[in-house]
Amino acid sequence: MAVLSNLEPKAVFEYFEKLCAVPHGSGNTKIISDLCVGFAKELGLKWRQDALNNVVIWKGGTPGYENAEPVILQGHMDMVCAKTEHCDKDMTREGLDLATDGEYVWAEETSLGGDNCIAVAMALALLADKTMPHPPLEAVFTVDEEVGMEGAFGLDCSDLKGRQLLNLDSEEEGVFTVSCAGGVRMDCRLPGSRGPLTGETGYAVTISGLQGGHSGADIDKGRASANVLAGRVLYSAMERVPGLRLADVRGGKFDNVICPFNVAKVAVPAGKEAEFEAFIREFDGVLKNEYAGCDEGVTLVCQRTAVETALSPEDTHRILRTLLALPQGVQAMNADFPGLVQTSLNLGVMSVEADGLHLTLSIRSCIASQKAMLCQRVRAVIETGGGTAEERSGYPGWQYQRESAMRQRLMEVYRDLNGKDAVIEATHGGLECGLFIEKLPGLDAVSLGPELRDIHSPRERLGVASTQRVYRLVCEFLKRSK
């Protein structure tokens with residue numbers, strides 16, 4: 001039985017539940033892409049699916065709107081697959097277990113993927129509606145937005161006629177996003193050689209209980225990164241217990257998520273076990289004190305474990321020193337939009353492999369020169385530590401347009417429906433609008449969406465009433481687009 005069948009708008013939540021029933025993490029979008037094509041076929045609409053699994057669906061204007069300017073409805077199909085520490089769901093093969101209390105929708109023990117399947121569901125509901133008047137619609141569903149906007153980068157836009165883009169990938173109702181940061185990923189490696197233990201005792205050091213969150217939307221909330229804390233804890237432990245050797249350290253799956261969990265393995269010199277364990281207990285208290293109020297669940301523990309090989313003391317010192325020196329979090333605030341983060345970076349993924357420590361960072365800025373500067377800084381730190389750093393998946397920012405007829409019309413519709421003005425904001429998150437503006441000269445764009453909380457985490461939830469209001473707003477906007 002459908003879990004969301006009693007929610008309104010009925011068509012939106014019906015499509016949303018069908019989309020959530022299939023796996024659709026980044027890099028695993030073929031099934032959901034085919035599902036969208038299937039919906040287009042059922043509706044008898046023109047569609048296109050490319051080699052990347054992007055999908056475009058066209059629907060002509062209703063009577064009286066045939067010659068109106070087309071509107072592009074846009075969102076992405078992929079989601080960040082996050083789950084609780086104890087969840088055994090295989091998110092590469094299984095759909096989500098949805099739940100609702102009538103106020104919110106969530107997925108049991110996993111992220112919901114409302115970012116951004118709610119956009120796809122809304123667009124499909126609009127395409128399926130046979131009674132609502134609207135201009136020609138071009139629904140564009142992209143893939144792999146969460147891992148570098150690969151779908152939008154590769155999408156051929158030559159057959160898109162619209163020059164009004166309604167991006168449905170924002171998470172705060174009543175806020176119209178009109179500018180966003182550009183970004184880039186950096187893949188770094190710090191080499192290290194391994195050798196057998198020489199009488200040391202193995203320990204697993206675990207950092208858990210952190211909130212995590214989106215590296216764009218939540219980077220200014222003071223939340224701790226388990227990866228960054230791991231570097232600090234292990235460096236401090238090495239100072240307290242000289243000769244400590246790093247055997248392994250692993251944290252994070254996505255560079256654009258503030259890492260909530262990290263496990264490291266170390267080899268402690270014989271006779272120093274009690275001192276090491278005492279240090280971990282002390283530092284647990286230090287972290288709880290520092291993050292009280294913003295990440296009070298932080299927990300640092302250690303337990304003995306089997307360790308067969310580890311990096312040399314010299315490589316351990318060099319690697320941990322480099323980790324400690326890497327910047328993290330907010331680097332500059334924006335002067336034009338008070339409270340907006342202008343430049344930041346996030347150490348999202350780290351792991352020890354056969355050839356050393358691998359790191360992946362997400363760097364964001366709405367100022368291209370500051371983004372480049374931060375890449376320089378990371379490269380300088382890594383290369384000083386004897387490593388290498390490479391950039392990939394760079395994407396452009398979206399510059400604020402002072403004049404926008406589309407934005408003005410949306411503002412008027414919102415005011416008429418809600419009796420108050422919408423808020424115009426820029427975001428430190430990355431949106432695909434910048435890429436579409438590059439590909440479609442003259443494009444006017446606005447991003448909006450319903451209330452989504454704690455995206456990219458198992459606590460993610462979607463507001464039901466908010467979804468209804470935003471859908472009504474989009475419908476009314478299309479009605480007035482004649």
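Author: Start with a term: a residue is buried under 20% relative accessible area, exposed over 50%, and partly exposed in between, using a 1.4 Å probe and protein chains only. This is a predicted model, where local features need pLDDT of at least 70, side-chain atom pairs count only at pLDDT 80 or more, and totals for chains, interfaces and linings use all residues. Residues are numbered from 1 along each chain as its sequence is written, and side-chain values use heavy atoms, with hydrogens and water left out.

Reader: ok, how many helices and strands in the chain?

Author: Eleven helices and 25 strands. Both are DSSP runs numbered from the N terminus: helices are H or I with at least four residues, strands are E with at least two.

Reader: And what is the radius of gyration?

Author: The radius of gyration is 24 Å, close to the 23 Å that the globule rule gives for 482 residues, so the chain is as compact as a globular protein of that length. The radius is taken over C-alpha atoms, and the rule is 2.2 Å times the number of residues to the power 0.38. Along the principal axes, the C-alpha atoms fill a box of roughly 85 × 50 × 45 Å.

Reader: What share of the residues is buried?

Author: 58% of the 482 residues. Of the contacts with a separation of 6 or more, 78% join residues 24 or more positions apart; a contact means heavy atoms within 4.5 Å.

Reader: New topic. How many salt bridges are there?

Author: The whole structure has 28. A salt bridge is a side-chain nitrogen of Lys or Arg within 4 Å of a carboxyl oxygen of Asp or Glu.

Reader: Which residue does glutamate 277 pair with?

Author: Arginine 304, at 3.6 Å from N to O. Glutamate 277 sits in helix α6 (residues 273–290) and arginine 304 in strand β16 (residues 299–304), so the pair ties together parts 27 residues apart in sequence. Glutamate 277 is partly exposed at 24% relative accessible area, while arginine 304 is exposed at 53%.

Reader: Aspartate 315 and arginine 318: buried or exposed?

Author: Both are buried. Their side chains form a salt bridge of 2.9 Å, N to O. The two residues lie in helix α7 (residues 313–325), three residues apart, about one turn of the helix.

Reader: why does three apart matter in a helix?

Author: An α-helix has 3.6 residues a turn, so residues three or four places apart point the same way.

Reader: What does aspartate 421 form a salt bridge with?

Author: Arginine 415, with the closest N and O atoms 2.6 Å apart. Aspartate 421 is partly exposed at 46%, and arginine 415 is partly exposed at 33%. Elsewhere, salt bridges that share partners join Lys89, Glu94 and Asp97 into one network.

Reader: Phe16 is in which helix?

Author: Helix α1 (residues 10–20), where the buried residues are Val12, Phe13, Tyr15, Phe16, Glu17, Leu19 and Cys20.

Reader: What do the buried residues of α1 pack against?

Author: They pack against α2 (30–43), β4 (98–100), β5, α3, β25 (461–463) and α11 (464–479).
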